[in-house]
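Biologist: I am new to this structure and would like to learn how to read it. Could we go through it one feature at a time?

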Amino acid sequence: MNLKLRFALLLTFFVAIVLIITSTAIFILDSGYRREDFFERLKKDGLEFHDIVAEIKAPGEAAIVMLKKALHSNTSYDEKLVIYDSTGAVLNKLPDTVHELMDNGMMKNIKNLKEWRQENENVQKVWLYIPETHYYVLSSGYDLPGLSKLNNLKIILASVCIGALLLTSVFSFAYVGEAVKPLTMLSNQMAFISEQNLTERVSEDGRYEEINEIARNFNEMLERLHKAFAVQKNFVQQASHELRTPLASMLAQTELALRKNLGEEEYREVLHSLKEDEQRLIELTNSLLLLSQYGQLNFQSDWPWLRIDELLYESISNIKKIYPDIAVTVFFVKQPESDQDCLIAGNDSLLKSVFTNLLKNAYNYSFDKKINIGIDMHQRHVEVHFDNRGVQLSHEEAEKIMGPFFRGENAAMTKGFGLGLSIVQRILTVHHGTITYTALYDDTNRFTVRLPKAEDHYII
């Protein structure tokens with residue numbers, strides 16, 4: 001079922017419910033009013049009949065017949081009027097063919113209630129007790145005009161409901177069709193956009209704020225997709241270029257060695273150069289694989305709790321095996337109140353890779369091969385500052401430094417691929433952490449790693 005048909009049916013259904021409830025209420029209220037009104041008319045006729053009978057002094061007089069006829073001309077359809085004395089005997093009745101008996105139980109009940117109303121198959125009865133004369137009065141009748149009007153009202157209400165539903169269904173389809181027209185136009189525009197024309201944007205309709213919101217969100221999503229595809233395309237191009245460089249160098253050296261008769265020492269130089277290119281190619285391939293792998297990782301709730309200071313010391317120990325002349329100083333900016341303050345939840349090898357990459361960067365781009373690491377404790381997170389003195393990045397370079405294959409001007413004389421910080425950022429993202437760069441005074445570069453404490457991982 002499409003949205004247009006669903007909305008039209010829902011609107012028709014709700015209108016039908018309202019019409020049925022309204023018509024039913026009108027019929028019930030009118031039926032109750034007719035019933036009570038007819039009871040009051042019967043009561044009035046019964047009291048008038050009692051007054052006439054009570055005023056007659058000589059029952060045999062001809063005036064009795066005239067009074068009865070005058071009263072009978074105003075009575076309702078099939079109305080019966082009966083007067084009983086205190087013993088239950090019939091004194092007068094209208095018409096004369098009425099046969100309504102009253103037993104002692106009924107007399108007692110009517111006397112206590114003063115007025116007793118009955119209804120059976122649309123025949124309504126009113127029993128009255130008159131204390132002044134000790135008479136009992138019965139007035140009964142069938143409200144033929146009232147019931148006929150009530151039946152006509154039922155037919156009118158049913159006809160109105162059916163007609164209103166038909167009109168509602170027609171107008172519902174027309175209204176819903178007009179209402180969803182902007183959505184249909186928006187859908188057609190969306191269907192036209194593909195990966196080949198991500199620069200296209202859907203137009204906004206100023207008449208409908210909700211449609212505008214959908215269009216804006218869709219355009220923003222297209223913008224993000226366009227940027228993501230551009231980054232991916234740029235990444236592929238850069239990766240291809242980086243891979244092509246060592247491969248071309250290896251091929252050129254191999255062809256040169258095959259064309260010439262080289263001596264043993266020259267062959268050694270060629271093989272040594274090929275080995276360097278191969279190592280560079282392996283390092284690049286491993287970095288690309290790591291980027292791909294870390295981009296698909298998610299935070300694991302079963303990761304163990306780790307002491308961040310122990311991770312740092314282990315990373316420093318490993319980096320010293322590669323760079324024996326490195327000088328690293330570790331200190332606490334704010335002393336932890338307990339061992340719990342140093343705990344974070346994470347993957348041991350991934351976090352060591354983060355710290356090792358940052359130590360390697362700090363070493364390669366420093367003037368004096370000295371690195372200061374400050375551990376700063378906060379209420380819900382831990383910050384680790386990596387400080388070294390070296391050429392500082394410009395504002396534009398700082399914004400791009402986390403992108404893959406980006407290298408600043410200070411990296412011109414240093415070998416690398418510009419993938420280390422991208423790997424670091426992706427690992428930290430998996431751990432709900434962040435990394436930022438700050439240029440401090442006295443040519444000091446600072447990279448700050450921020451990680452939530454172990455108990456806060458599940459709140460983020």
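Modeller: Let us start with a single residue. S366 sits in the loop between α9 and β9. Helices (H or I, at least four residues) and strands (E, at least two) are DSSP runs, numbered from the N terminus. Residues are numbered from 1 along each chain as its sequence is written, and side-chain values use heavy atoms, with hydrogens and water left out. This is a predicted model, in which local features need pLDDT of at least 70 and side-chain atom pairs count only at pLDDT 80 or more, while totals for chains, interfaces and linings use all residues.

Biologist: Is S366 buried or exposed?

Modeller: Buried means under 20% relative accessible area, exposed over 50%, and partly exposed in between (1.4 Å probe, protein chains only). S366 has a relative accessible area of 8%, so it is buried.

Biologist: What does the side chain of S366 reach?

Modeller: A polar contact is a pair of N or O atoms within 3.5 Å; within protein, one must be able to donate a hydrogen and the other to accept it, and residues adjacent in sequence count only if both atoms are side-chain atoms. The side chain of S366 reaches the backbone oxygen of Y363 at 3.1 Å. A polar atom of that side chain also lies 3.1 Å from the backbone nitrogen of K369.

Biologist: Which residues does S366 touch, not counting those up to four places away in sequence?

Modeller: Contact means heavy atoms within 4.5 Å. With that exclusion, S366 touches N388, R389 and G390.

Biologist: Where does D387 lie?

Modeller: D387 lies in strand β10. Its relative accessibility is 12%, so D387 counts as buried. The side chain of D387 makes a polar contact with the side chain of R446, at 2.8 Å. Leaving aside neighbours within four places in sequence, D387 is in contact with K370, I371, N372, L440, T444, N445 and R446.

Biologist: How should I read the length of a helix? Take α9.

Modeller: The expected span of a helix is 1.5 Å times one less than its number of residues. For the 17 residues of α9 that should be 24 Å, and the end C-alpha atoms are 24 Å apart, which agrees. In α9, 12 of the 17 residues are buried, so the helix is largely enclosed by the rest of the structure. Among the buried residues of α9 are L350, F355, L359 and Y363.

Biologist: Which residues of α8 are buried?

Modeller: In α8 the buried residues are I308, D309, L311, L312, S315, I316 and I319. Seen down the axis of α8, these buried residues fall within an arc of 150°, so they line one face of the helix. The arc is that of the directions from the helix axis to the C-beta atoms.

Biologist: Which residues touch the most other members of the largest nonpolar core?

Modeller: A nonpolar core is a set of buried Ala, Val, Leu, Ile, Met, Phe, Trp, Tyr and Cys residues joined through side-chain atoms within 4.5 Å. The largest nonpolar core has 38 residues, and I373 and F386 touch the most other members. Elements that each supply at least two residues of this core include α8, α9, β9 and β10. Helix α9 gives the most to this core, with 8 residues. Leaving aside neighbours within four places in sequence, the contacts of I373 include L312, I316, L359 and F386. A second, separate core of 12 residues includes F39, F49, I83 and L94.

Biologist: How does strand β1 pair with other strands?

Modeller: Two strands pair if DSSP finds at least two bridges between them. Strand β1 (residues 80–84) pairs with β5 (residues 135–142) in the antiparallel sense over 5 bridges. With β2 (residues 90–94), β1 pairs in the antiparallel sense over 4 bridges. V82 has L138 in β5 as its bridge partner, and I83 stands opposite N92 in β2. In the hairpin of β1 and β2, which has 5 residues between the strands, G88 takes a positive phi near 95°. In β1, 4 of the 5 residues are buried, so the strand is largely enclosed by the rest of the structure.

Biologist: How many helices and strands does the protein have?

Modeller: The protein has 11 helices and 12 strands. Of its 460 residues, 36% count as buried. Among contacts between residues at least 6 apart in sequence, 65% join residues at least 24 apart.
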